[in-house]
Amino acid sequence: MTTRLNPYISFRDNARDAMEFYKAVFGGELAISTFGEGQPTGDAAVDSKVMHAMLTTASGFVLMASDTPPGMDNTPGTNFTISLSGDDEAELRGYWDRLVDEGAITMPLEKAPWGDSFGACTDKFGVQWMVNISAG
């Protein structure tokens, strides 16, 4: 897998509808997983929400999205992040180290429940980033 840079949009409760709309616009393959599939909370309303969705098109577009869990902020217009993902750990950790320099770590880059290494940060310019290093 090569390293990928793409937008990641956070929605309050309509990520599935939005991603199905974008699939109708751009075509491609849409994969959706819910919180209940990944990290069940026992709350059916939360478990049915989108934990991660990824639309991959024939044109090479990749758009990712999720529903924002209850208790977390979601303000339209600022509800996007730039995602870096791939399996080259050295490359991605290097990007991470440079992004957090003078920035702020919002979630440490460490092993995530889905098996990959994942972290989130805000760089010194206020841009939000997510880094996901595939486990293999």
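Guide: A pocket, on a 1 Å grid over the protein atoms alone, is an open set of points where a 1.4 Å probe fits, with protein on both sides within 12 Å along at least five of seven lines; lining residues have an atom within 4 Å of a point. This is a predicted model, so local features need pLDDT of at least 70, side-chain atom pairs count only at pLDDT 80 or more, and totals for linings use all residues. Residues are numbered from 1 along each chain, and side-chain values use heavy atoms, without hydrogens or water.

Visitor: How much space lies in the largest pocket?

Guide: Rolling a probe the size of a water molecule over the atoms shows where empty space is left. Here the largest pocket holds about 1200 Å³, the space filled by probe spheres set on the points.

Visitor: Which residues lie nearest its centre?

Guide: Tyr-8, Met-51, Ser-66, Phe-118 and Met-130, out of 44 lining residues. The lining divides into 19 nonpolar, 19 polar and 6 charged residues.

Visitor: Which residues of α1 are buried, and which are exposed on the other side?

Guide: Buried means under 20% relative accessible area, exposed over 50% (1.4 Å probe, protein chains only). In α1, a DSSP run of H or I with at least four residues, Ala-15, Ala-18 and Met-19 are buried. Seen down the axis, the buried residues of α1 fall within an arc of 95 degrees (directions from the axis to the C-beta atoms), so they line one face of the helix. Asp-17, Phe-21 and Ala-24 are exposed on the other side.

Visitor: What follows just after α1?

Guide: Gly-27, with a positive phi of about 75 degrees.

Note on methods: Ala, Val, Leu, Ile, Met, Phe, Trp, Tyr, Cys and Pro count as nonpolar, Asp, Glu, Lys and Arg as charged, and the others, Gly among them, as polar. Helices (H or I, at least four residues) and strands (E, at least two) are DSSP runs, numbered from the N terminus.
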